[in-house]
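Here is a short briefing on one protein chain. Look over the sequence and the 3D view, then work through the points below.

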Amino acid sequence: MTPFHLLVLAIAVFRITRLVTGDSISEGFREWLRSRSHRDMAAPKGLEGEMVFRTEERTDRPVMLWAWRLLTCPWCVSMYAGGLAIGLFLSYPTYTLDVGYVLACSAVAGVLMERT
């Protein structure tokens, strides 16, 4: 693996991490997962009886809660994505780099678009 390959894969991992944890295209999945790992609670507060809303984690669904925590943590997702990228590169270097170039270009374009 050359330093250039490592750079391409690192930028690709950044893009995958952003896609999973923050992009609007995966927001529906994150909301679905949140609805199964958390419960919204409402309770009256004060003399006027106004409602206060809070969210609590559902301890009766540990797998969903674990998945929610994993997929909303950029540090966690990047560790798994990085391991996957390196493993795929070692097994299929050409195909992995082809996908890595696309993801790296997408990441650079996205960062540049945010700056303008």
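The model is predicted. Its largest pocket holds about 170 Å³ of space. Its largest nonpolar core has 8 residues. Helices α1, α4 and α5 each give two or more residues to the lining of that pocket, and α1, α4 and α5 are also the elements that give two or more residues to that core.

**The largest pocket**

- About 170 Å³ of space lies in this pocket. It is lined by 13 residues, and the closest to its centre are Ile 16, Ala 85, Leu 88, Thr 96 and Val 99.
- Which elements give two or more residues to the lining? They are α1 (3-21), α4 (74-91) and α5 (93-115).
- Helix α5 supplies the largest share of the lining, with 5 residues.
- The lining has 11 nonpolar residues and 2 polar ones. No charged residue is part of the lining.

**The largest nonpolar core**

- This core is made of Val 8, Leu 9, Val 13, Ala 81, Ala 85, Phe 89, Leu 97 and Ala 104. Two or more of its residues come from each of α1, α4 and α5.
- Ala 85 belongs to the core. Ala 85 is also among the residues closest to the centre of the largest pocket.
- What does Leu 9 touch beyond its neighbours within four places in sequence? Its contacts are Met 1, Ala 85, Ile 86, Phe 89 and Thr 96. Of these, Ala 85 and Phe 89 are listed in the core too.

**Ser 37 and Leu 65**

- Ser 37 sits in helix α2, which spans residues 27-37. Leu 65 sits in helix α3, which spans residues 62-71.
- Is Ser 37 buried or exposed? Its relative accessible area is 0%, so Ser 37 is buried.
- Leu 65 also counts as buried, because its relative accessibility is 7% and the cut-off is under 20%.
- The side chain of Ser 37 reaches the backbone oxygen of Leu 33 at 3.0 Å.
- Setting aside residues up to four places away in sequence, Ser 37 touches Glu 56, Glu 57, Arg 58, Met 64, Leu 65 and Trp 68.
- With the nearby sequence again left out, Leu 65 touches Ser 37, His 38, Glu 57 and Arg 58.
- Leu 65 and Val 108 are 43 residues apart along the chain, and their C-alpha atoms are separated by 32 Å.

- Arg 15 is found in helix α1. Its relative accessible area is 17%, so Arg 15 is buried.
- Beyond residues up to four places away in sequence, Arg 15 touches Asp 23, Leu 103, Ser 106 and Ala 107.
- Not counting residues up to four places away, Thr 17 touches Gly 22, Pro 74, Val 77 and Ser 78.
- Thr 17 and Glu 57 are 40 residues apart in sequence, and 23 Å apart in space from C-alpha to C-alpha.

**A strand residue**

- Glu 50 lies in strand β2, which runs over residues 50-57.
- Leaving aside neighbours within four places in sequence, Glu 50 is in contact with Ala 43, Pro 44 and Lys 45.

Note on methods. Residues are numbered from 1 along each chain as its sequence is written. This is a predicted model: local features need pLDDT of at least 70, side-chain atom pairs count only at pLDDT 80 or more; totals for chains, interfaces and linings use all residues. Side-chain values use heavy atoms; hydrogens and water are left out. On a 1 Å grid over the protein atoms alone, a cavity is a set of points where a 1.4 Å probe fits but cannot get out, and a pocket is an open set with protein on both sides within 12 Å along at least five of seven lines; lining residues have an atom within 4 Å of a point. Grid points are joined across faces, edges and corners, and a volume is the space filled by probe spheres set on the points. Helices (H or I, at least four residues) and strands (E, at least two) are DSSP runs, numbered from the N terminus. Ala, Val, Leu, Ile, Met, Phe, Trp, Tyr, Cys and Pro count as nonpolar, Asp, Glu, Lys and Arg as charged, and the others, Gly among them, as polar. Buried means under 20% relative accessible area, exposed over 50%, partly exposed in between (1.4 Å probe, protein chains only). A polar contact is a pair of N or O atoms within 3.5 Å; within protein, one must be able to donate a hydrogen and the other to accept it, and residues adjacent in sequence count only if both atoms are side-chain atoms. Contact means heavy atoms within 4.5 Å. A nonpolar core is a set of buried Ala, Val, Leu, Ile, Met, Phe, Trp, Tyr and Cys residues joined through side-chain atoms within 4.5 Å.
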